[in-house]
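Then take the hairpin, the cores, the domains and the chain contact in turn.

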Amino acid sequence: MAQVVFEPWNDPKAKPLIQFKGVTKRFGEFTAIDNQTFDIYEREFFALLGPSGCGKTTMMRMLAGFEKPTEGKILLAGQDLAPIPPNKRSVNMMFQSYALFPHLSVWENIAFGLKRDGKPKDVIAARVDEMLKLTRLQQFAKRKPHQISGGQRQRVALARSLAKAPKLLLLDEPLGALDAKLRQATQFELMDIQEKTGTTFVIVTHDQEEAMTVASRVAVMDNGRIIQADTPARIYEMPNSVYVADFIGEVTIIPGTARKSGEGYEIAYAEGMTPLYAETETTFDNGETCHIALRPEKVAISAERPEDRRNAVQGKIIDIAYLGNLSTYHVALPNGQMIKAQTANTRRLSRRGFTWEDTVWLSWTDTAAVLLKG
Amino acid sequence: MRRLTWFNATSLTLGFAFLYLPMIILITYSFNESKLVTVWAGFSTKWYGELLRNQSFLDAAWVTVKVAIASSTIATILGTMAALVLVRAGRFYGRTLFSGMIYAPLVMPEVITGLSLLLLFIGIGMDRGIFTIILAHTTFSMCFVSVVVSSRLVTFDRSLEEAALDLGCSPFDAFRLVTLPIIAPAVISGWLLAFTLSLDDLVIASFTAGPSATTLPIKIWSAVRLGVSPEINALSTIMIGIVAVGVISASLITKRASLRQQADERAAVHA
């Protein structure tokens, strides 16, 4: 049986749950969101990723109903959201500060939204117990928010926002307050819960690793625009711009000019240096300015010049960043261009070959680098 | 424990004497047998009995309590609303003027507040009585409530209200179910402040009181002008007692609440 791949954005028949149609949001003179049109599909885990001030939080607050678009429309399941106040939307939000009600117990916090709907008591009790079980909080039901740990508070906030079974759950930097270990565990927990409940999640984060881990699609934002929205793998391997390549992960960007050569392009990047070669689907004019984006893990480092690779350059090791599992070498070429190369430390410390000031060869395959316009 | 130095012990004694000697004398003489205030003639509680039989004092006390409860309640409602507008509404046309007008009565001499209210009541032909005192006390204590409540609202996390809206509350429900319970301590202490201000106000009350209603401070003031009687001493002692009980119990409640909070947090860490 063929595995069904979850890619509704590639299916022309799929109906989007959320549609942004030419949405612009201005605060006075400042344009927070600049004419954005995009879709989010049911059961997606959609991440809005960007530096602070890029508009990702504004995007989320418009979905929750705390801000209204200045221009354009946001549709939820085909319905215009503009006239619906936040308390009438089947959208719930998990706040960055968790915003747990300090005067209510964990149980009452989770039951809060259900009670507002005027559901019968036994229905509420059953639903709250279900949520407590889902988030493994049963023994804390009677505690007040200040009587539990940060990780537990985070789970209460999640349970509370999921209790009303919203069509869409918004998560505003949900793991920002947790330490690194707990954050990682919670990321997998979030994915698990998202899968179990089948709710559409939209997460706002500035942590690219978090976005890559949890999301089905990541939208990289800058200055009120989505620069690229795609799967984590495509965002990483096929960035559409220097901005995205530079924002996600480590990368070396080498500016140059392209010239058609066989299947790909030769890129002249410095006077007196042999041009580099890269294959790409994008077409460039001869002499057009371009940027080579090269991920450090795709660059091999060796003492001798490798015979089989067209892209090989010699340089001197300036810096070594030792990360335990990996080492990143910063190698300077004779023209001053710095290239990062990464190796997995498969051997113990004493067996590793290169050190500062060593002259080494860096090489990569014809398809390793991404060639970008601009 | 460190021992007090000679200098510290002296300044402590003098300081306390300065603060409390007048009150101690007053309390002592309230138990005096003699009708003469300054001559000690043995212990007796007869002036307390006299006080209970003095209908005009009891009436004034009742008026004072009614005025204090009514005016502090109205002032708390209005003051909290004003604080909400000041902290929440952001910038609006005339905001500076509005906040200035709310806080002006804090520094306004009471005589002027009293006089202007008197002129207003005469101007609109309102008979002076308990109702005018309530209005006057509401006017000047509202700004105190507003100061206390707005200082709490400044640190209030708006996302709590947004969370309530998000979970299906109307804006009014969000205020009633989330904001109000959380800022309740500030609202209560604002009410207590307004209550005490109203209890011991003499100046504004004497401008706005009429023949039909007299408050206790006015009564004491006019009685003292004819000479201090042991009865007044007894009355003052009772008032000191009420205030002392109030202050001590309020601080005990706060202390216990903070201790419980600390214990809870400790329990959470070890959970």
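Helix α1 (residues 56–64) of chain A lies across β3, β6, β7 (168–172), β8 and β9 (217–222) of chain A. Its direction runs at about 145 degrees to β7(A). Axes are lines fitted to C-alpha atoms, for helices over the stretch in contact, and angles run from 0 to 180 degrees between N-to-C directions. Helix α4 (residues 150–162) of chain A also packs on the sheet, where it touches β6 and β7 of chain A. The direction of α4(A) makes about 175 degrees with that of β6(A). Helices (H or I, at least four residues) and strands (E, at least two) are DSSP runs, numbered from the N terminus.

This is a predicted model: local features need pLDDT of at least 70, side-chain atom pairs count only at pLDDT 80 or more, and totals for chains, interfaces and linings use all residues. Residues are numbered from 1 along each chain as its sequence is written, while chains are lettered from A and ligands numbered from 1 in the order in which they are written.

**The sheet**

The sheet is open and has 6 strands, in the order β6-β7-β8-β3-β9-β10 (chain A), with mixed pairing. β6 (91–94) and β10 (225–230) of chain A stand at the edges, each with a single partner strand, so one side of each has no neighbour in the sheet. The twist averages 20 degrees from one strand to the next. Two strands pair if DSSP finds at least two bridges between them. Strands of a sheet pair through backbone hydrogen bonds, either parallel or antiparallel.

| Strand pair | Sense | Bridges | One facing pair |
|---|---|---|---|
| β3 (45–49) and β8 (200–205) of chain A | parallel | 5 bridges | Leu48(A) and Val204(A) |
| β1 (16–27) and β4 (71–76) of chain A | antiparallel | 5 bridges | Ile18(A) and Leu76(A) |

Are the faces of β6(A) covered or open? Both are covered. Val91(A) and Met93(A) on one side are buried, as are Asn92(A) and Met94(A) on the other. A residue is buried if 20 or more other C-beta atoms lie within 10 Å of its own, exposed if 12 or fewer, and partly exposed in between; C-beta atoms are placed from the backbone.

**The hairpin**

β4(A) and β5(A) form a hairpin with 2 residues between the strands. Ala77(A) takes a positive phi there, near 50 degrees.

**Cores**

A nonpolar core is a set of buried Ala, Val, Leu, Ile, Met, Phe, Trp, Tyr and Cys residues joined through C-beta atoms within 7 Å. The largest has 104 residues. Ala47(A), Leu63(A), Ile110(A), Leu170(A), Val202(A), Ala219(A) and Val220(A) touch the most other members. α2(A) gives the most to this core, with 6 residues. Domain 1 (8–245) and domain 2 (250–373) of chain A each supply at least three residues. Apart from this core lies another, of 39 residues, among them Ala60(B), Val63(B), Ala205(B) and Ile232(B).

Val220(A) has partners beyond four places in sequence, including Leu49(A), Ile227(A), Ile235(A), Val244(A) and Phe247(A). Two residues are in contact if their C-beta atoms, placed from the backbone, lie within 7 Å.

**Domains**

Chain A is divided into domain 1 (8–245) and domain 2 (250–373). These bounds come from an automatic or database domain assignment. The domain centres, taken over C-alpha atoms, are 39 Å apart. In the contact, 5 residues of domain 1 of chain A meet 6 residues of domain 2 of chain A. The domain 1 side has 4 nonpolar, 1 polar and no charged residues. Ala, Val, Leu, Ile, Met, Phe, Trp, Tyr, Cys and Pro count as nonpolar, Asp, Glu, Lys and Arg as charged, and the others, Gly among them, as polar.

Lys340(A) is found in strand β18 (residues 338–344) of chain A. Why is Lys340(A) partly exposed? Lys340(A) is partly exposed because it has 19 other C-beta atoms within 10 Å. Leaving aside neighbours within four places in sequence, its contacts are Glu250(A), Thr252(A), Pro296(A), Thr328(A) and His330(A). Arg295(A) is 45 residues from Lys340(A) in sequence and 7.8 Å away in space, C-alpha to C-alpha.

**Chain contact**

The contact takes 21 residues from chain A and 19 residues from chain B. On the chain A side, β6 and α2 (106–116) each supply at least two residues. The largest share, 3 residues, comes from α2(A). By class, the chain A side divides into 10 nonpolar, 8 polar and 3 charged residues.
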